[in-house]
Amino acid sequence: MMDFNLTEDRRMLSDTLTRYLAEQYQIEHRNSVAYESPFHDPSKWTEMAELGIFSALANEADGGFGGAGPDIAVVFEALGNALNCEPALPLLMSSRLLSAARQDQATLLEGTAHYAVAIAEPDAPYDLLDITATANDDHRLSGRKTSVYGGNIADYFLVAAKAGDCLNLYQVQAADAEVIPYGLIDGGGAAEVLFDNTKAKLLIKNAQSALEDALDAGIIALCSEAVGMMDVTYQITVNYLKQRKQFGRPIGSFQVLQHRAVDMLTEIEQSRSITIKAASELKGPNASRYASMAKNMIGRSARLIAEEAIQMHGGIAMTWEYAISHYAKRLIMIDHQLGDTDFHLNRVIGMLNTA
Amino acid sequence: MDLNYSATELAFQSEVRSFLADNLPNHIASAVRNGDGLTKAMMDEWHRVLNKKGWLATTWPKEFGGPGWTPVQKHIFEEENCRAYAPRVVPFGVNMLGPVLHKFGTKEQQDTILPRILSGEDWWCQGYSEPGAGSDLASLKTQAERVGDHYVINGQKTWTTLGQHANKIFCLVRTSTEGKPQQGISFVLVDLDTPGIEIRPIRLIEGGHEVNEVFFTDVQVPVANLVGEENKGWTIAKYLLSHERTGIAGVGFSMQTLEEVKTIATKIKRGTKRLIDDPLFAARLAEVEIDLEAMKITNLRMLFRAQERGAPGPETSILKIKGTVINQELRDLARRALGPLAAPFPGHLGEGNILFGPPDTAFNAARYFNNRKTSIFGGSNEIQRNILTKTILEL
């Protein structure tokens, strides 16, 4: 029977995380940690692990209690609401890969070991087929990985590299690679990671489908995060339209602004729908197709919501002091992660005849 | 009809071009190109170079030391400056207060203030907007009470661009609460060293500092610093906003950004293919290029009309609306072309570390965010639409 309500377990998970973030991780605190090394709050990270948030991202066989698309969506929507900058995305993607590799991930889910996923390269920002990092017969890696999210604090890297024609997954100790850490314009940290005949452990031979699953799950996480952020951005904007007076009346009384706010609402509803669909298809035969649809739509709607929120606020939303500026940066920069609007549009185009 | 410059205009164009080639310092042009912030020293240096040549105050009449150019010459000059990546002249003294004093200032104000604008001794900033008076500027509340031969000013101004470098500010203040809001406003000149003034920085979305808040507490300003008549400041404000409309479309900046996007999209690769060969990206870029080619001509048509009529008309609001949107679209493309390489916080990866992308693109995402201001400031695009609705549509 059709039911769009969350299950009881997921509703509790959502409430727990939302309450924790509202009490312990407000926007002021977020902004005080997001832009200074290590670009997150290690003590809050530990608390979130203790709350079981990260265990919700893995299935029971791997020591968690969730791991399905809707579990991921619930967690990341709450994180997006609070504009949280903890490196939950690399944790999720690492968990998918370690599961596929049948590796123990207890320390990952407990939050005591940091893993980061190294897929993108300067000339291969989004497409697995473009990867050029190589592994030799002794499992030694050479190449450069770019925008490794959470790479600034990683203990281990999970690296996609080619041995001949075969795309494999390797694990590298961070101390064995050259790591150039940096902060991101929208908060949080990343790194460039360089391998030069670096020793590695082979985790998965022929890892194409495991990597695709990790990317699909990561895309659902990003889309859910965006939906959470868009909700807040929209609410703050509508409140501002009600409160801000110019020409002797609230600016929300001007029809041109009313209609534009309604357009925001419409796009957010559509974005939520495609994200629900993609989450429900995770692990299924069409997972990547729906993930691409969701990421394409989010790329378009997140830009609209960010730009319209700034424009309708006027100058105030251009300031660092005002929360919207930080939500807007994250909404825009999500398009630069795991494939942009055009990359995913191309993928949907490529599957038009096979669907 | 003839879309070409005349022989005289072409000669002028090559004169400007060779002046810029000989006199624009490399370190200044590269700061403009990289978008990582001009220093005060650079802005001062460029101001002096132009003043020495007599090409600083291009909007001033000849009798006040302007070059006496036609609107088309001014356009050519701006176009060439953009082509060469010259900085925009800091407009507050030269292009805003200067023309106001020509029309409304006393002889004494003209004689004392104008030379110091040209020499760069005074750096003026603008005290217009207030926290409660943005698009509705006439609702401003900063109060100037007449006490003997002084005004005593109390209130707050905001969005004061480059106020951190300024020693003077021109302000719209309320000298009367009677009648319509527009009727009680006066235009006064204030020395920022006067006791009771505090300037606080506003940090912008991308982390930069270019605007400020200015607080006034019992600030005493001589009545002689009033420009024009008391309670007639709104006329001056309107004159100032409508006076300088060339360049409002930002065509030169958009041409710069278009070149930048093409350069990035040619260098950046997706696998073995250049980004510019991706049909989706190429289509987006081509569409904006089409818009920009049309805007170049729209801009010239309105310039031509202004030259015929002697003044720009309200239709120049079209230039502001469409011009800013075109530039914002191009900034969006520059950012997205870089993919993940656009993500680092500005300055976190020094030039030496940017082995993986064109070094002149390090600030691209920051410029995209900063550039959202252009559809808000100087009369938001919504206000421009209101102007067109009233004046052209007559609705």
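Helices (H or I, at least four residues) and strands (E, at least two) are DSSP runs, numbered from the N terminus. The model is predicted, so local features need pLDDT of at least 70 and side-chain atom pairs pLDDT 80 or more, while totals for chains, interfaces and linings use all residues. Residues are numbered from 1 along each chain as its sequence is written, and chains are lettered from A and ligands numbered from 1 in the order in which they are written.

**Exercise 1.** Sort the residues of strand 3 (residues 150-157) of chain B by face, covered or uncovered.

*Solution.* In a regular strand, side chains alternate between the two faces of the sheet. The covered face of strand 3 of chain B holds B:Tyr151, B:Ile153, B:Gly155 and B:Lys157. On the uncovered face are B:His150, B:Val152, B:Asn154 and B:Gln156.

**Exercise 2.** Find the strands that pair with strand 3 of chain B (pairing takes at least two DSSP bridges).

*Solution.* Strand 2 (residues 143-147) of chain B runs antiparallel to strand 3 of chain B, joined by five bridges. Here B:Tyr151 is the bridge partner of B:Arg146. Two residues lie between the strands of this hairpin, and B:Gly148 has a positive phi near 65°. Strand 7 (residues 209-222) of chain B also pairs with strand 3 of chain B, antiparallel, over seven bridges. In strand 7 of chain B, B:Val221 stands opposite B:Tyr151.

**Exercise 3.** State how chain B is divided into domains, whose bounds come from an automatic or database assignment.

*Solution.* The domains of chain B are domain 1 (7-89), domain 2 (123-232) and domain 3 (245-391). Taken over C-alpha atoms, the centres of domain 1 and domain 3 of chain B are 21 Å apart.

Methods. Buried ≥ 20, exposed ≤ 12 C-beta atoms within 10 Å, placed from the backbone. Pairing = 2+ DSSP bridges.
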